[in-house]
Amino acid sequence: MAAMVLAATRLLRGSSSWGRSRLRFGTPAYRRFSSGGAYPNIPLSSPLPGVPKPVFATVDGQEKFETKITTLDNGLRVASQNKFGQFCTVGILINSGSRYEAKYLSGIAHFLEKLAFSSTDRFGSKDEILLTLEKHGGICDCQTSRDTTMYAVSADSKGLETVVGLLADVVLHPQLTDEEIEMTRMAVQFELEDLNMRPDPEPLLTEMIHEAAYRENTVGLHRFCPTENIAKINREVLYSYLRNYYTPDRMVLAGVGVEHERLVECARKHLLGAHPAWGSEAAVQVDRSVAQYTGGIAKLERDMSNVSLGPAPFPELTHIMIGLESCSFLEADFIPFAVLNMMMGGGGSFSAGGPGKGMFTRLYLNVLNRHHWMYNATSYHHSYEDTGLLCIHASADPRQVREMVEIITREFVLTAGTVDVVELERAKTQLMSMLMMNLEARPVIFEDVGRQVLATRSRKLPHELCALIRDVKPEDIKRVASKMLRGKPAVAALGDLTDLPTYEHVQAALSSKDGRLPRMYRLFR
């Protein structure tokens, strides 16, 4: 206290160094800012004198980079969208995937994904393909889903013809040598082991929920190769499948960052009149089945106590996924379902840090923020050409499985209730924001162009989709949710399932007014 008084006394007397310097040099000069009286106060709304008149950008309502589509004589569609930049993304998308394997061994699409960009008639190995792409700064990738196979390359636009020629060779002339197939068997086996051991169960649960929802048909068929089929898939089986599904009328050559006329010219040169490695016989066994939603349950009892070992092991959890049939992406209700999925939102319990992570969505507000023991609650929407599935994935301790299931069924039932206008507007804005942010990336634009043209032979542009999202009303959400709740549920369960409610109880809860499971009374505890 005495030291503070002494310091204050020195300051008042001017005995400090700052005080002495001030007495010696006088009052320090102050900087004059533009808001001071030394400068004229000119409002920003008035033009500055002597400055040229500005020329502002105008919008005429037309997309400058619209998607152009051309169909070749053999039925192959060529779709492109120009985009400023040095690089382009070009690829071939095919109506092919695990849903078409009803008459084949399950796992063919999984094998073809691993065999992509291997040796062809022109390239002796994958290394030769990568070296060819490297000359144009290119990278390649292949992805298969339940209904689409996609071969894609990103490279310098100057190498467009090389890229299209390489894609044509990879898709139509794969050698599928015994050595490559044997290596693929090892890769598939490793991936299946990894799928069953990884701490994140979402890929496995997604497989199980599709299996339960579409029992033994179309999108319910195995996307990953079953272990018993690994040794059975050989070159003859693969060529037989390719002969039926890798046909020009089931393909789209899509490009982003390229001129349309140049892409069509390359397509005519490399893809028109090409003779594939499996012969030119007409397809005879194309599966045109329409998805049949069955509902049901898929359970997998497993000890999850040692999934994640280490200095901070992950706790033992039981994972549940409950789904209901929604609609296909070709129906008008697809947009309201997409908004509903965004309203549900959710995520992991350790990701609740702020509005940017969806903290205002229902599964955060009503579930994760109220029930601290739940580790995850996330909504997913899977949509296909003829069906769709809206599901919620939840994780908790095995002793609280029954309560967790009831919380999820209650949230499903509440979707058909009152929709808050502010909540709806927030979900619509977030959906439009995610759509526009994702479409900033060239590879995402490529996939959007290819998938839309493959499914509908046309493409809805971003501003058209945003207009449809803005038009969604609270009554639209209530209508699609009520329709969804009238169907049978699909349930997938993984882990310790001792306290898992029966399928009939889950169905009864979703049919009730409050989403509660039927009460169980026991004489002996």
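**A helix, a strand and a set of rings**

The buried residues of helix α12 pack against β8 (318-325), α10 (334-344), α11 (362-368), β11 (388-396), α16 (474-485) and α17 (503-511); here contact means heavy atoms within 4.5 Å, and buried means under 20% relative accessible area, exposed over 50%, partly exposed in between (1.4 Å probe, protein chains only). This is a predicted model, in which local features need pLDDT of at least 70 and side-chain atom pairs pLDDT 80 or more, while totals for chains, interfaces and linings use all residues. Residues are numbered from 1 along each chain as its sequence is written, and side-chain values use heavy atoms, without hydrogens or water.

Helices (H or I, at least four residues) and strands (E, at least two) are DSSP runs, numbered from the N terminus. Helix α12 covers residues 401-414. Of its 14 residues, 10 are buried, so α12 is largely enclosed by the rest of the structure. Among these buried residues are V401, M404, I408, F412 and V413, as well as E406 and E411.

Strand β11, one of the elements that α12 packs against, is itself mostly covered, with nine of its nine residues buried. G388, L390, I392, A394 and A396 point one way from β11, and L389, C391, H393 and S395 point the other way. Strands pair if DSSP finds at least two bridges between them. β11 runs antiparallel to β8, with eight bridges, and I320 has A394 as its bridge partner in β11. Eight bridges also join β11 to the antiparallel strand β10 (residues 376-383), where S383 stands opposite G388. β10 and β11 form a hairpin with four residues between them.

Elsewhere, attention turns to aromatic rings. The structure holds nine aromatic pairs (ring centres of Phe, Tyr or Trp, its six-membered ring, within 6.5 Å; planes under 30 degrees apart are stacked, over 60 edge-to-face, the rest tilted). Y100 and Y245 form a tilted pair, 5.3 Å centre to centre with 35° between the planes. Y100 lies in the loop between β3 (87-94) and α3 (108-115) and Y245 in helix α8 (residues 235-245), so the pair ties together parts that are 145 residues apart in sequence. Both Y100 and Y245 are buried. The ring of Y100 also has the charged end of R99 over it, 5.6 Å from its centre, and that of R250, 5.0 Å from its centre (NZ of Lys or CZ of Arg within 6 Å of the centre and within 35 degrees of the ring normal). Finally, F117, Y151, Y239, Y246 and W278 form one aromatic cluster.

Definitions and conventions. Expected span 1.5 Å × (residues − 1).
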